[in-house]
Amino acid sequence: MATAYKIHIAPDNTGLWGIRQNDHAAETATVLLQKDMDNHHVFFNQDGFHDHISHHILALYGTGASAEDLRKAFAENEGYQRPAREPRQNLAEELRDWDRAKQRLGKEQYYSDWLVFFEHEIERLGGWQKTLAEYMFKGDERSEDMLVRMYAGFLHPLIQLMYGVEWDQPAIVAMALAQASVHSNDLGPFLRDAEAKAKESARTPMPRIAELLEAAAGNEKLRSSPRLDDGNKIRDGVLARARDEAVECAGRVRVAPDELAERTAEMFNTAIYEASAAALRPGKDPKCEFFLMHHITSAPIFVTLNKQDWISTEQKIRMLEWKIRLDIVQYVARGSPKLSVERIASYVLKDEASSADQLLPRLHTLSDDGHVIKLWRAVGVGRKLSEPHEGRHWLPIKGSKLWDQIAHLIVDSVEAPGPRWIRNAGFEEAWKARELR
């Protein structure tokens, strides 16, 4: 049984795809996930690059990869991980005191301490659900701070939480809370100001998300705010040079209670549309945009959260609104790449003889750190989520042919020569590297 300290994966526990795995793969996933949690730091270097092993293993497992595939993926990524620090004695008790805990936030050297603390809290409070209710949804200063940090680091804490909640693994939820605790809360002022702006005009209907992206790209000050040499294009670009415009645009995001399911599907579908269009540039091999990709791979958590009856509708809406607002800002930060359904539909596949389903085994054996299979898995979830809304005009990606195009696009992108990903795809200079020709 899974506990706050021990991971346990069963053959029928494969996440949102709902496939059936075998005992050998389940046992292998359990062992590898436990080894990762016990032995590795959340960052594999001092620049804050994340350990993705737990995501990688579960995304492979949840899409039907074999035990051999899981072991290969782990072996390829184990060597460069930083070892876990020994937790400090008795510090976990100190972290329960918010005034004292504040001094340990945003500091990577305390990750192991935060992990032990949240393991204890899950045990003390009686489950990961009650722990999230206390530390994310309570509405006090501490939970508000934690909620902001979940969206930091290109959504990595939220992605970690996604796998813990989707697979019902208390230990992975503890990892997510600990990971969030060592990230910054720099996004807080923007998210709160956009939320306040939304409340000022609460009676005005929210536009479609694709329309908000077009409006952002059409605002000259907002569109030109990021520069290719900005260290952090959200912080140093969009929010430094066009903060008021970003708040104004993001403040138009207002999800009504009866729209939650529809807007969740729209968010997911539009994120896939946005990233797929950004991957295509005439005369170049397709290249998926690295940062926009994370806005797809994090999206399944909103499907899972919407199923949790212990989370209020208001809380679900708030988390979704924050995600949509960051989707808009991230799109601008990447240079507002041109969006076009026609460009995706007219893309010429490199392997027309293979169906989309036949491509998946190639991704199970691909040498990668987990980003590729996470993207494939999330697009599959988004496709299924979109099916009930196929007839709606606001759905950018619809129809099996277009979804199959995107599946091929992902594989063509990661198998193309040169860098695996494009970064900042809306900037012409990003495509000028010889390797991308």
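This is a predicted model: local features need pLDDT of at least 70, side-chain atom pairs count only at pLDDT 80 or more; totals for chains, interfaces and linings use all residues.
Trainee: How many of the residues of helix α2 are buried?

Mentor: Helix α2 covers residues 53-62, and its buried residues include I53, H56, L60 and G62. Because the helix is largely enclosed by the rest of the structure, the count of buried residues is 10 of the 10.

Trainee: What is the volume of the largest pocket, and which residues are the closest to its centre?

Mentor: The volume of the largest pocket comes to about 1000 Å³. Its lining is made of 34 residues, and of these the closest to the centre are H50, A152, G153, F154 and N232.

Trainee: Which helix gives the most to the lining of the largest pocket?

Mentor: The helices that each supply at least two residues of this lining are α9 (152-166), α11 (188-200), α14 (233-241), α17 (290-297) and α19 (313-333). By class, the lining residues divide into 17 nonpolar, 11 polar and six charged. With five residues, the helix that gives the most to the lining is α9.

Trainee: How far apart are the closest N and O atoms of E78 and K35, and where in the chain do the two residues lie?

Mentor: E78 belongs to helix α3 (residues 67-78) and K35 to helix α1 (residues 23-39), so that the pair, being 43 residues apart, links distant parts of the chain. E78 counts as partly exposed because its relative accessibility is 29%, and K35 counts as partly exposed at 35%. The closest N and O atoms of this salt bridge are 3.2 Å apart.

Trainee: Are R263 and E266, which form a salt bridge, buried or exposed?

Mentor: The two residues lie three residues apart in helix α16 (residues 260-278), which means that about one helical turn separates them, and their closest N and O atoms are 2.7 Å apart. R263 has a relative accessibility of 1%, while the relative accessible area of E266 is 0%. Since buried means under 20% relative accessible area, R263 is buried and E266 is buried.

Trainee: Which residues are linked with R263 and E266 in a network of salt bridges?

Mentor: The structure has 36 salt bridges in total, and the pair of R263 and E266 is one of them. The network that holds this pair also links R208, E259, E262 and R392.

Trainee: What is the N to O distance between the side chains of E321 and R325?

Mentor: Both residues lie in helix α19, four residues apart, about one turn of the helix. E321 is buried, and R325 is buried too. Their side chains meet in a salt bridge with an N to O distance of 3.8 Å.

Trainee: How many disulfides does a search of the whole structure find?

Mentor: Among the cysteines, C249 counts as buried at 7% relative accessibility, and C288 is buried with a relative accessible area of 7%. For a disulfide, two cysteine sulfur atoms must lie within 2.5 Å, and the number found in the whole structure is zero.

Definitions and conventions
Residues are numbered from 1 along each chain as its sequence is written. Side-chain values use heavy atoms; hydrogens and water are left out. On a 1 Å grid over the protein atoms alone, a cavity is a set of points where a 1.4 Å probe fits but cannot get out, and a pocket is an open set with protein on both sides within 12 Å along at least five of seven lines; lining residues have an atom within 4 Å of a point. Grid points are joined across faces, edges and corners, and a volume is the space filled by probe spheres set on the points. Ala, Val, Leu, Ile, Met, Phe, Trp, Tyr, Cys and Pro count as nonpolar, Asp, Glu, Lys and Arg as charged, and the others, Gly among them, as polar. A salt bridge is a side-chain nitrogen of Lys or Arg within 4 Å of a carboxyl oxygen of Asp or Glu. Buried means under 20% relative accessible area, exposed over 50%, partly exposed in between (1.4 Å probe, protein chains only).
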